[in-house]
Amino acid sequence: SVEGRSIEGLEFGAGEDVVLIIASIHGNESAGTPLVRKLAGYIVDRPDLVQGRRLVIVPAANPDGLAKGTRNNVRGVDLNRNFPAANYQTASNHGSAALSEPESKALQQLLATCKPDRIVSLHQPANHGPACIDFDGPAEGLARAMAAQCDLPVQRLGGRNGSLGSYAGITLGIPIITVELPKAASGMNADALWTKYGKMLLAAVCYPGPVRGDIRTDRATSVVP
């Protein structure tokens, strides 16, 4: 990151079906980080879920912003407007150019190397925006499979200029989901988040297969301190 924090990636399984899950690209939308750490712990106990597939988890895509509780990185750039999508536009908080920031550059390089078949990015809505499951690219089936496992509706919000959704989903044609967890999710502990949204994430991992088995918080201990 700009301040030298590691942008951590966790990898599970091996196979041609590659799933990438990202949290906290906006540092003040932090509920996704403990949720994906719970997913990592669950996968450690259930390696059968990644048989024939590869799961890559980035718990904190904006570690400086997460540490400071800010949406943008420490240079004031919204990382989710800094990707080289066809609709990228220069603006004061979009960066001087696409991929001007080390955090967005790291994610772009990860996409290029791991070549995901589907992506899930966890957010929380600003102000009074909707809590929902949004999608870009050929991801409607995935969005509906995830929505069937939680109380979030599928709702198209439209691709933002230079967003990861616009870049991956529209420019590259990779199915990508943007999960807008409720703003109140920041007040939930990791176990409560996992109980409420764990099956939603497992639906993304296992897609297009069914989600089987119970979600147990005692089997979803974090593997990351």
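Where helix 1 meets helix 6, Pro34, Leu35, Val36, Lys38, Leu39 and Tyr42 of helix 1 touch Ala190, Asp191, Leu193, Trp194, Tyr197, Leu201, Leu202 and Val205 of helix 6, with contact taken as heavy atoms within 4.5 Å. Sorted by class, this contact has 12 nonpolar, no polar and two charged residues (nonpolar being Ala, Val, Leu, Ile, Met, Phe, Trp, Tyr, Cys and Pro; charged being Asp, Glu, Lys and Arg; polar being the others, Gly among them).

This is a predicted model, in which local features need pLDDT of at least 70 and side-chain atom pairs count only at pLDDT 80 or more, while totals for chains, interfaces and linings use all residues. Residues are numbered from 1 along each chain as its sequence is written, and side-chain values use heavy atoms, with hydrogens and water left out.

Helix 1 (residues 32-45) and helix 6 (residues 190-206) pack at about 65 degrees, with their axes 9 Å apart. That angle makes helix 1 roughly perpendicular to helix 6 (65 to 115 degrees).

Turning to the strands, strand 3 (residues 118-123) is mostly covered, with six of its six residues buried (under 20% relative accessible area, 1.4 Å probe, protein chains only). Arg118, Val120 and Leu122 point one way from strand 3, and Ile119, Ser121 and His123 the other way. In a regular strand, side chains alternate between the two faces of the sheet.

Strand 3 runs parallel to strand 1 (residues 10-23), joined by five bridges (pairing takes at least two DSSP bridges). Here Val19 sits opposite Arg118. Strand 3 also pairs in the parallel sense with strand 5 (residues 176-180), again over five bridges, and Ile119 has Ile176 as its bridge partner there.

Note on methods: Axes fitted to C-alpha atoms, helices over the stretch in contact; angles between N-to-C directions. Helix = DSSP H or I, 4+ residues; strand = E, 2+ residues; numbered from the N terminus. Parallel < 35°, antiparallel > 145°, perpendicular 65-115°, else oblique. Buried < 20%, exposed > 50% of the residue type's maximum accessible area, 1.4 Å probe, protein only.
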